[in-house]
Each structure stands twice: as structure tokens, then as C-alpha cells.
Amino acid sequence: MTISDYQTALVTGASSGIGEAVVEDLVKRGLTVHAIARRADRLEELKEKTRCTTHILDVRDTKEMNDLFSSIAPDILINNAGVGRAIDSTVNANPEDLDQTIETNVTAAIHAVRAVTPSMIKNGKGHIVNVGSVAGLYPLSSSVYGASKGAIHFLSTNLRLELVGTGIRVTEICPGRVRTEFYDAAIDDQDIRHKLKETGITEITSADVAASITYALDAPWHVNVARVELQPLEQTYGGVNFDHAPQGKE
Ligand SMILES: NC(=O)c1ccc[n+]([C@@H]2O[C@H](COP(=O)([O-])OP(=O)(O)OC[C@H]3O[C@@H](n4cnc5c(N)ncnc54)[C@H](OP(=O)(O)O)[C@@H]3O)[C@@H](O)[C@H]2O)c1
């Protein structure tokens with residue numbers, strides 16, 4: 001099973017960043033590509049550039065999504081739509097932001113899997129690529145976003161068990177910092193956004209991430225690229241923090 005054995009791909013979160021780059025790559029590789037997002041103007045530009053098929057859809061609308069995705073019956077699902085609302089603080093978060101992050105990053109991704117797998121099982125082939133994050137694997141002080149990507153990690157891991165023997169491959173992509181519009185959509189406060197967004201390092205690009213996805217799709221049929229982690233050379237993760245609790249201070 002290499003990319004040439006697939007005909008149709010469905011990419012969520014295709015109006016910018018990683019999703020947009022994946023659409024461009026897959027169209028170039030000769031696939032029929034369905035691009036999904038909410039912003040009509042950005043999808044229109046992508047359609048003009050690539051000749052992909054576009055669908056304006058909020059992936060949190062489960063019924064619309066299920067109807068559309070099951071009617072497309074793609075060979076490839078790129079489960080990429082995601083937001084980082086409340087990425088800077090759970091304690092100070094608006095409840096709506098918590099909901100938006102979980103509904104977009106987790107609930108919608110699971111429903112998308114449910115919508116496309118029956119036809120993949122019937123065809124005996126398919127590839128689900130879930131875009132997670134290093135935040136789903138390592139400690140970062142972004143607990144809700146990390147929880148959402150941690151869910152994507154175990155969705156991917158456990159799907160491979162559920163789907164063994166069906167011919168469906170499941171790949172989890174875990175990028176570190178990618179230069180996209182992600183932080184602009186995630187954080188309203190200019191100062192906090194600037195602090196979190198402007199790292200001063202050379203970040204990885206959407207094209208870098210898209211190339212890793214194409215690599216996984218292009219593997220021979222007996223190879224399931226289970227997880228790809230890509231980090232900027234100048235960024236690393238984890239660590240231990242020490243600080244006094246209030247009652248420990250004399
Ligand atoms: N940038 C990073 O540093 C980084 C690192 C690790 C992982 N990631 C993950 O990579 C994925 C893509 O993010 P990105 O960095 O490329 O950011 P981005 O440029 O902001 O792209 C996010 C995409 O998701 C779409 N989206 C958001 N909510 C949606 C909804 N309810 N329905 C449909 N589409 C929705 C957006 O389109 P509309 O707004 O037009 O709907 C947009 O196309 C996300 O899952 C993100 O968590 C990013």
C-alpha cells in the first residue's frame with residue numbers, strides 16, 4: 001500500500017497551516033482531495049491554487065460531518081483540525097474555550113474516524129493520520145491542550161489494536177513548534193500571544209510536517225508508520241519544576 005494505491009483523501013483543518021500544506025502535497029501526488037474547514041475565503045483560495053474539492057464545515061457539527069465524511073468514503077483521513085484555546089492557562093480559562101478545544105481536537109476527531117472506517121474496512125485498505133502534538137507525549141504547562149493531544153495519542157495507539165487485520169493503517173504525527181496561525185487563533189490577549197508565539201528559534205514548517213505525512217502514506221503496505229515526532233532543533237521538552245507552596249514560605 002503506497003500513496004499510489006489510494007485515490008481519495010479527506011483533510012480536516014485545510015484552510016491554513018499543516019492542513020493546507022498536506023492538501024497541496026496530496027493533490028500533487030494525483031489524489032482527489034477533499035479539504036474541510038470553516039473559513040470559506042481561505043478554502044476558495046486553496047481550491048484555485050490546487051483544484052481540490054472544498055467543503056465548508058465546522059467539524060463540531062457531528063451530524064453534518066458524519067453525513068459528508070461517510071458519503072466521501074475516503075481512502076485517507078487526515079484528522080488535522082485543531083485549536084489551542086485555553087492553551088496558556090486552565091485556571092483562568094473561559095469554560096467555552098475548554099469546550100472548544102476538547103470538542104474540536106478530540107470529539108470531532110473520534111467522530112471522523114467512526115464516519116470513515118466502515119468503507120475502509122469494506123475496501124480492505126485505508127490510512128488514518130491523526131495530527132497530535134508533542135503536548136500529548138511530554139509534560140508542558142498546557143494542561144487542556146495536552147489532555148486533548150494525549151487523547152489523540154491513545155486514540156491512535158488503541159485504534160491500531162482495534163483495526164489490526166483490516167488493512168487500515170493508523171499514524172500519529174506529533175509536531176513540536178510549527179510556524180502557522182495556530183497561536184493567533186488560540187490566544188486573544190496580545191501580550192500573552194506574543195510571549196508564547198515569538199520564540200526566536202527556527203521553527204519547523206507546515207511543509208516539513210506535510211512531508212512526514214507523505215512519508216507515512218508512501219510506505220509499503222506491510223509498514224505502518226505508527227508515530228512521527230518532529231521537533232525544531234532548537235526546542236526540547238519535559239523537565240522538572242521546583243517552587244515553594246504558600247504554606248512552605250516562612
Ligand atoms: N502549530 C503548532 O505549533 C502545532 C504543534 C503541534 C500540533 N499542532 C496541531 O496541528 C494541527 C493544525 O494546526 P496548525 O498549526 O496548522 O494551525 P492553524 O493554521 O491554525 O490550522 C488549524 C486548522 O484547523 C481548522 N479548524 C479549527 N477549528 C475547526 C472547526 N471547528 N471545524 C473545522 N476546521 C477547524 C482551521 O480552519 P478554520 O478556522 O477555517 O475552520 C485551520 O484550517 C492542529 O491539530 C494543531 O493542534 C500544531
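## Buried or exposed

A residue is buried if 20 or more other C-beta atoms lie within 10 Å of its own, exposed if 12 or fewer, and partly exposed in between, with C-beta atoms placed from the backbone. Take Ala-86. Ala-86 is buried because 26 other C-beta atoms lie within 10 Å. Ala-86 sits in the loop between β4 (76–79) and α4. Its phi is near 65°, a positive value in a residue other than glycine.

Arg-51 also has a positive phi, near 70°, and is not a glycine. Its place is the loop between α2 (40–50) and β3 (53–56). Is Arg-51 buried or exposed? Arg-51 counts as exposed, because it has 10 C-beta neighbours inside 10 Å.

## About the model

This is a predicted model: local features need pLDDT of at least 70, side-chain atom pairs count only at pLDDT 80 or more, and totals for chains, interfaces and linings use all residues. Residues are numbered from 1 along each chain as its sequence is written.

Helices (H or I, at least four residues) and strands (E, at least two) are DSSP runs, numbered from the N terminus.

## Helix α1

Helix α1 covers residues 17–28, twelve residues in total. From first C-alpha to last it reaches 17 Å, close to the 16 Å expected at 1.5 Å a residue. That expected span is 1.5 Å times one less than the number of residues.

How many residues of α1 are buried? Ten of the twelve are, so α1 is mostly covered by the definition of buried. Among them are Gly-17, Ile-18, Val-22 and Leu-26. Just after α1, Gly-30 takes a positive phi of about 90°.

## Helices α3 and α4

Two packed helices are described by the angle between their axes and the distance between the axes. Helix α3 (residues 62–72) and helix α4 (residues 95–123) pack at about 35°, with axes 8 Å apart. Axes are lines fitted to C-alpha atoms, for helices over the stretch in contact, and angles run from 0 to 180 degrees between N-to-C directions.

Which residues meet here? From α3 come Thr-62, Met-65, Asn-66, Phe-69 and Ser-70. From α4 come Ala-108, His-111, Ala-112, Ala-115 and Val-116. Two residues are in contact if their C-beta atoms, placed from the backbone, lie within 7 Å.

## The nonpolar core

A nonpolar core is a set of buried Ala, Val, Leu, Ile, Met, Phe, Trp, Tyr and Cys residues joined through C-beta atoms within 7 Å. The largest has 56 residues. Val-11, Ala-35 and Ala-112 have the most contacts inside it. Helix α4 gives the most to this core, with seven residues. Leaving aside neighbours within four places in sequence, Ala-35 is in contact with Val-11, Ala-14, Val-23, Leu-43, Leu-46, Cys-52, Thr-53 and Thr-54.

## Two buried residues

Val-113 is found in helix α4. It is buried because 22 other C-beta atoms lie within 10 Å. Beyond four places in sequence, Val-113 is in contact with Asn-79, Ile-128 and Leu-159. Its C-alpha is 34 Å from that of Glu-198, 85 residues apart along the chain.

Ile-213 is found in helix α8 (residues 206–218). It counts as buried because it has 25 C-beta neighbours inside 10 Å. Not counting residues up to four places away, Ile-213 touches Val-22, Ile-78, Val-129 and Ile-173. The C-alpha atoms of Ile-213 and Ile-78 are separated by 8.9 Å, yet the two are 135 residues apart along the chain.
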